[in-house]
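Here is a short briefing on one protein chain.

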Amino acid sequence: MLQDFAKTIRLDASPDAVWDAVRDVHRVASWLSIVREVRDVEPPRRYTALLEDRLGPFAMRADLDLTVETSEPRRLRVSAGGEDRQVASRIAATIDLAVEPDGGGTSLKVTGRYEVTGRVATLGAGAIRKKGDHILHEFFASASKELGGDAATLRRT
C-alpha cells in the first residue's frame, strides 16, 4: 500500500530556529511516539531507529535505517526503510521538508510517500492512511508546541 502526503504548517519561530530543529534527528524523533532508540551511525547523514506501533491486531516492531540529505535553501530529505520479521511486513518512507520564511514566522512544508507491505497491508488502505495521518498530525502538533504555532491550521498542499 503506497500513500502520498503533503501538508504545511505555519510556525512562529524564525526559519533558522525551525531549520535547526528539523535537522536534529534525535529531537524530531522525540516528536513521534512510535520512534524509539535512535542511534547515530554516521551523523548527520545516517541513523538507525526502532519503530514500535500497534496497527489493528498487529504489534509492529521494525528496525529502520534512516538517511538524511540536506540541500539549500533549507531543504531536507529523510529516507527510511525497515522490516518487522515477526509480522512479515516492510515499511519504507521518503519525506521532504522545506523551511521557508512566512511573514514574521516560518512555513514548514512536509511532503512524501510511505509504503507498507506484507501482512500489515492486509488491513487495507483506509486503516493505514488513518494511522499515517495520525503520525503526521502528531509531528506537527509537537513542532507547534516547541516552535510556536497552531497544529489545527494544517494545510494540505
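The protein chain carries 24 positive and 24 negative side chains. The centres of these two sets lie 4 Å apart. The model is predicted.

**Surface and burial**
- The accessible surface of the protein chain is about 8,300 Å².
- Carbon and sulfur atoms hold 49% of that surface.
- Of the 157 residues in the protein chain, 43% are buried.

**Fold and dimensions**
- Three helices and eight strands make up the secondary structure of the protein chain.
- Read from the N terminus, the order of elements is β-α-α-β-β-β-β-β-β-α-β.
- The C-alpha trace spans about 45 × 35 × 20 Å along its principal axes.
- The radius of gyration is 15 Å, which agrees with the value near 15 Å for a compact globule of 157 residues.
- Among contacts with a separation of 6 or more, 55% join residues 24 or more positions apart.

**Nonpolar core**
- The largest nonpolar core holds 45 residues.
- Which of its residues touch the most other members? They are V22, L108, V110 and F139.
- Helix α3, residues 125-147, gives the most to this core, with seven residues.

**Contacts of L108**
- Neighbours within four places in sequence are left aside here.
- L108 is in contact with K7, T8, I9 and L11, among others.
- The contacts of L108 also include V22, L97, A98 and V99.
- F139 and F140 are in contact with L108 as well.

How values were computed:
Residues numbered from 1 in each chain as written. Predicted model: local features only at pLDDT ≥ 70, side-chain atom pairs only at ≥ 80, totals over all residues. Heavy atoms only, no water. Helix = DSSP H or I, 4+ residues; strand = E, 2+ residues; numbered from the N terminus. Rg over C-alpha atoms; globule rule 2.2 N^0.38 Å. Buried < 20%, exposed > 50% of the residue type's maximum accessible area, 1.4 Å probe, protein only. Contact = heavy atoms within 4.5 Å. Areas by Shrake-Rupley, 256 points an atom, 1.4 Å probe, with all protein chains shown as cover. Lys, Arg positive; Asp, Glu negative; His and termini not counted. Charge placed at Lys NZ, Arg CZ, Asp CG, Glu CD. Core = buried A, V, L, I, M, F, W, Y, C linked by side-chain atoms within 4.5 Å.
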